[in-house]
Amino acid sequence: MLPRCAAPVCHVLLLVLCLSAAEDFDWTKNDRSSSFYYGTFPTGFSWGAGSSAYQTEGAWDKDGKGLSIWDVFSHKKGRVLRNDTGDSSGEGYYKVKDDVSLMNELKLNHYRFSISWPRIIPTGIKSDHINEKGIQYYNELIDHLLENKITPIVTLYHWDLPQVLQEKYGGWQNVSIVNHFNDFASLCFEKFGNRVKYWITFNNPWSVAVEGYETGEHAPGLKMRGTGAYRTAHNIIKAHAKVWHTYDTQWRGRQKGLVGISLSGEWGEPVDINNQKDIEAAERYVQFYLGWFATPIFHGDYPQVMKDYIGKKSTQQGLGSSRLPSFSSQEKSYIKGTCDFLGIGHFTTRYITQKNYPASRGGASFFTDRDLAELVDPRWPDPGSEWLYSVPWGFRRLLNFVKAQYGNPMLYVTENGVSEKMQCTELCDDWRIKYYRDYINELLKAIKDGVNVRGYTAWSLLDKFEWDEGYSERFGLYYVDFRSKNKPRYPKASVQYYKRIISSNGFPNQREVETWKRRATETCSSSNQLLAADPLTSHMEMVTEIVVPTVCTLCILLSAVFLMFLLRRRN
Ligand code: NOJ
């Protein structure tokens, strides 16, 4: 029993806790000190790497898998750079053992992967058909991970919607998808939940909504400017909440796992932190990114600033209601609190300033609704993808923002990493080493600031299909030779570096850390030679598989003809 005086003390404590949960983020305090922080992560911190089904599995039409919107989209000419497709990608479907041994090499604590919905439910509709071979594949992967003491963190939706659901209902535009997604999630809980304890409902719903249904750069390639993204997001948030409740009421008791969502959050820094307009614009940037999904999930409704801006613009367009849909009060309380942990995918930062976009009739879009302009500092390194500038301090800012806005929830970094251009066959990726070193160091500083981060996932384990950029951007710690039939993997120098961070659980001291980079790059030149020899190996493969059998067959035929000729002459 509590002592008598404890009750008022509890109230005071609760009040303090509530106040700290509602704490404001201080935009004007940016400690960008470039000084490196030596120290280690909390005991039990989980180190991982990630992938997603469509980007790595290949086997797009094997063993009863149904079509996904990405299969269809990438097969249409002109949608993906150089018309690349994920048809075979790195053949991850056939390489479970090989890839788990790469994870072992790194000594990963967790591996994040996604389940392809059409691989286990080919049409997306559970009552139509369940594909046992698909279930078998994920069973094998999960079992193999667990045998190697690697915790699976499983994403249910990493963009590969069954094509039938897109054709029949309009995909995420139609609220009926909520129940289909819930059926798919329930099937996953039923089949894999005895072994999987970390579930992520959606990966980066911002991209699904904006790039899939607003700009059309991603599958299903729809361009519904000003409305498509908002409607998609609305249904995704409902679907997420439903799945969380399903787990909570039907599975959690037995399976004791956690259900979260992985949101993409790039950081927006005010161009001038002494200018209130810039601060407000930067906050809008972050709210229209991360806050769009996180605020309903943590607080029950869209960020006020989104409601205000989209509402105002819709009125200016002469529309009778806002293009941003609204949640009923029951929906709000159903959605609020549906997150056991929050996944954060973070890659880069922008400078933000205020910029007005007049809402002319029909001209509105997600981007103009925000009334802001994005800028970059030309001194920021941008080694790979055009959009990806390396700005490590933005990561710490974002994490502190999440802590302040959502009451310091349990966080997992579900994606962080950097790419390089396709032409680059250089395994000595010192720029990636620098990126990981500095971003992970900012993460450590954020934990020191009190942000509740439990794990970090390097993105990605392997090079893979990079959506509309095809194979032109390589994010992997391991290089995949896509030209070779067998898709061999080669470690980049960053493998050695990340491995040291993992084994030291951080950055123990300057003397030791300074030797890591040299040691990591020592080995990469020999791997480089192997890779350089690979075209030769592929050539040899072709010689043994095609040329030799063809020549042999010809020889046999010619000898037969010659023999017949001799026999005839004798007669
Ligand atoms: C976020 C996406 O979730 C992931 O699939 C992609 O590879 C990275 N961004 C890099 O573009």
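Predicted model: local features only at pLDDT ≥ 70, side-chain atom pairs only at ≥ 80, totals over all residues.
## Ligand contacts

Let's start at Trp459: an N or O atom in its side chain sits 2.9 Å from an oxygen atom of the ligand. That's a polar contact, meaning a pair of N or O atoms within 3.5 Å. Asn203 has a side-chain N or O atom 2.8 Å from a ligand oxygen, and for Glu466 the distance from a polar side-chain atom to an oxygen of the ligand is 2.5 Å.

Numbering runs from 1 along each chain as its sequence is written, and side-chain values use heavy atoms, with hydrogens and water left out.

## The shell and its pocket

In total, 13 residues surround the ligand, and the closest are Gln55, Asn203, Glu415, Trp459 and Glu466 (a residue is near if one of its heavy atoms lies within 4 Å). By type, the shell splits into six nonpolar, four polar and three charged residues; Trp counts as nonpolar, Glu as charged.

The ligand takes up the space of the largest pocket. A pocket here is an open set of points on a 1 Å grid over the protein atoms alone, with protein on both sides within 12 Å along at least five of seven lines.

## Aromatic pairs

Across the whole structure there are 68 aromatic pairs (ring centres within 6.5 Å; planes under 30 degrees apart are stacked, over 60 edge-to-face, the rest tilted). Phe41 and Phe45 make a tilted one, at 4.6 Å centre to centre and 40° between the planes. Phe41 counts as buried because its relative accessibility is 4%, and Phe45 does too, at 7% (buried means under 20%).

Tyr198 and Phe341 have ring centres 6.1 Å apart and planes at 70°, so that pair is edge-to-face.

How values were computed: Polar contact = N/O pair within 3.5 Å; in protein donor to acceptor, adjacent residues only side chain to side chain. 1 Å grid on protein atoms, 1.4 Å probe; cavity = no way out; pocket = protein on both sides within 12 Å on 5 of 7 lines; lining within 4 Å. Sits in = over half its atoms within 2 Å of the grid points. Phe/Tyr/Trp six-rings, centres within 6.5 Å; stacked < 30°, edge-to-face > 60°. Buried < 20%, exposed > 50% of the residue type's maximum accessible area, 1.4 Å probe, protein only.
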